[in-house]
Amino acid sequence: MSKALSVEVRDVHKFFTRGGERLDVLNGLSLDVPQQEFLALMGPSGSGKTTLLNLIAGLDTPSSGEIQVAGAVISQMSEAALATWRTRNIGFVFQFYHLLPVLSALENVELPLLLLPLSAKQRREQALNALDIVGLADRVHHRPGQLSGGQQQRVGIARAIVTDPAIIVADEPTGDLDAKSAEAILELLVQLKSSLGKSIVMVTHDPRAAQRADRTLHLDKGRLVESGMLEHA
Amino acid sequence: MKYLSLIFRNISRNRVRSILTALGTMVLVLVVTLVWSVLDFLQKATSEKNANIKAIVTEKWQFPSQMPFSYAGPLSEGGPREKGDYRVKPDDSMTWQFYGGSLVQDPKQRNPLENLFAFAMEPRKIMTMMDDLDDLPKRDPKAAEEFKKVIEKMEQTKNGLIVGKDRLKLLNKTVGDKFKIYSINYKGIDLDFEVVGVVPPGRYDGSVFMRRDYLLDGLDQYERNNKKKHPLAEKTLGLVWLRVPDQPTFQKVAKQITTNPAFSSPAVKVETSSSGIGAFLDAYRDLFWGMRYLLAPAIWVTLSLVISNAISISVRERRLEFAVLKVLGFRPGHILWMVLGEALLLGLSAGLLSAGATWYFVNKVMIGIKFPIAFFPAFFIPIDALWWGVMVGGVAALAGSLLPAWSARTVKVSDVFAKIA
Ligand SMILES: Nc1ncnc2c1ncn2[C@@H]1O[C@H](COP(=O)(O)OP(=O)(O)OP(=O)(O)O)[C@@H](O)[C@H]1O
Ligand SMILES: [Mg+2]
């Protein structure tokens, strides 16, 4: 194991072509995330934060450069291989939770486990455990529509950690929440890092959210402009 | 929670749409099932049997056929002339004459409901040669045993009548009743009858059987009384039926008869019952062709479009959801099968339900659909219709959902989220 690096991004370029025009979003970006680090990514809208996050999560591949996550070079994998890899290695937290409305909290959390060779009982136990970690043990049979935004985001986080991935990526996880709920979610993320040893990459627009991270990086026009702010404990 | 339950819940998510789609599927499967049942039935009725063939001998140039009774004996044997010619066994032939009359003497006061129209034949042959009665011992040994007694009774009663149960009710008579019939077609030959029994329920519920020698006696009596032959005396034989074991024998017997100069005035023709029905149906050939090759496929295409429409809408609504599933690690194949699975589950179950309900209703509640065409028995939905229904629904669902499923499969995660970002 290359000591303690969860994510290694090396000279990555990413461009999109829209209507025949080339749009360069990431321009030779490099980035390291050590194990058990909580990293915050900030930057103006359109600066490429989500694009970078998608590349780290294996949802898209770079135009050039190399990305290594959790020990695997993912920049060259096929779509199907990436999907299988994601199940065990990446937990994704969305701004708008994106829970399936027809499923209960428990079933939503169980969803990624369907892809693993587990018995129904094992799935259920693992999902209940994840819901317990996020503090929703008493809401397991509620549908998303019956839960508050903060509670839904907890379900989203439980779903992200249920397969026990080493890395959690979160795209503005508090962007849709009030200050109090946001604070609770950030607290939960810090917990996941310190007690479960997860590495976390979080995109945020909120400086107060970024303050809870170990380190904040700023992205502008596809480049990191400033790195290594304050070190937190 | 399992994969299938996820599929099932996605179907029940938009209940109204799913139910409407299922109903549409059921109606269309119903139509296809009926069309195919009719075609299947006609196919079976007109396809040439290779064994146990019934040949029909009738007058060649005239309908209805009116042959002299002198033809009856030699035709019943297959008209053999030379050594080596095939000889039909006694139980394997029957002759039909038709005697029509009314309970009421005055033609002006006659009510068609009180008329009867009898097959005049040898009693024994009713059970050995009539379609759907010749297999009674196999189908229902008990009923056959009972009917045999009725036939024996008729053999002892020259003026005996065996009547179908519906006809008996119309005539307002019961077994044992005696009455006079005033003939309609054999003018002047009015006969006294006694009802000796009832035909086993089924195809002949409206029919009447009498003895052929009783009709022949009537013709003789007429000649004695009037010092001249009855106008129909030489035209009394309608049809002769012959059972032959196989096609080659049929060909041989047909040749024996048509080349035999004894049957040249009037000339006769020999057909199988299927070719007879076939000739009759020829008039509708275009209609059946259209049903098979235009109507059924058109319905199938419509069905696919109905399903495709519903699935497309649902896929479009759930693009974001598919993207989320992909983020969680679901592979494109998973998504494809999830959408196909929804359509298939819907199509297969609606198809089975529809065909099953049609089968049950037509066969068990209506007890078959009666065909208003001569010779035809009642028409039933074959049990095969169950898998036709499943197949029609399933194939249409598959065809209709292939495109939407593919588009769900190829949802690009970064595109979907780029749009919301
Ligand atoms: N799949 C895509 N196809 C084409 N263009 C894209 C795609 N994804 C992102 N872009 C473009 O790339 C640029 C960066 O987008 P990105 O979503 O990474 O920005 P962001 O920093 O996350 O912004 P925000 O803060 O608004 O979420 C934008 O101009 C966006 O329109
Ligand atoms: Mg973004």
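Biologist: In this predicted model, how far is an oxygen atom of ligand 1 from an N or O atom in the side chain of A:His205?

Modeller: The model is predicted, and a pair of side-chain atoms counts only at pLDDT 80 or more. A polar contact requires N or O atoms within 3.5 Å. For the side chain of A:His205 and an oxygen atom of ligand 1, the separation is 3.0 Å.

Biologist: What percentage of the area that ligand 1 exposes when taken alone does the protein bury?

Modeller: The reference is ligand 1 taken alone, which exposes 630 Å². Of that area, the protein buries 82%.

Biologist: Which chains does ligand 1 lie between, and which residues are the closest to it?

Modeller: Ligand 1 is situated between chains A and B. Its surroundings comprise 17 residues. By class, this shell has eight polar, five nonpolar and four charged residues. The closest residues are A:Ser45, A:Lys49, A:Thr50, A:Thr51 and B:Asp415.

Biologist: How far from an oxygen atom of ligand 1 are the polar side-chain atoms of A:Thr50 and A:Thr51?

Modeller: Both residues are listed among the closest to ligand 1. For A:Thr50, a polar side-chain atom lies 2.7 Å from a ligand oxygen. For A:Thr51, the distance from a side-chain N or O atom to an oxygen of ligand 1 is 2.6 Å.

Biologist: Which helix of chain B supplies at least two residues of the shell around ligand 1?

Modeller: Chain A contributes through strand S1 (5–18), strand S2 (21–34) and helix H1 (49–56), each with at least two residues.

Biologist: In what order do the four strands of the open sheet in chain A run, and which are the edge strands?

Modeller: The open sheet has antiparallel pairing, and its order is S2-S1-S4-S5. An edge strand pairs on one side only, which identifies S2 and strand S5 (72–73) of chain A.

Biologist: Over how many bridges do S1 and S4 of chain A pair, and what is the bridge partner of A:His13?

Modeller: Strand S4 of chain A covers residues 64–69, and its antiparallel pairing with S1(A) extends over five bridges. Within S4(A), the partner of A:His13 is A:Ser64.

Biologist: How much space lies in the largest cavity, and which element gives the most to its lining?

Modeller: The structure holds one cavity of 30 Å³ or more, and the space in the largest cavity is about 70 Å³. Its lining includes A:Arg86, A:Phe92 and A:Arg159 from chain A, together with B:Val327 and B:Leu328 from chain B. By class, six lining residues are nonpolar, three polar and two charged. The element that gives the most, with three residues, is S6(A).

Biologist: Is phi of A:His98 positive or negative, and what is its value?

Modeller: A:His98 is placed in the loop between S6 and helix H3 (105–110) of chain A. This residue is not glycine, and its phi is positive, near 50 degrees.

Methods: Residues numbered from 1 in each chain as written. Chains lettered and ligands numbered in written order. Heavy atoms only, no water. 1 Å grid on protein atoms, 1.4 Å probe; cavity = no way out; pocket = protein on both sides within 12 Å on 5 of 7 lines; lining within 4 Å. Points joined across faces, edges and corners; volume = space filled by probe spheres on them. Nonpolar A, V, L, I, M, F, W, Y, C, P; charged D, E, K, R; others polar. Near = heavy atom within 4 Å. Polar contact = N/O pair within 3.5 Å; in protein donor to acceptor, adjacent residues only side chain to side chain. Areas by Shrake-Rupley, 256 points an atom, 1.4 Å probe, with all protein chains shown as cover. Pairing = 2+ DSSP bridges.
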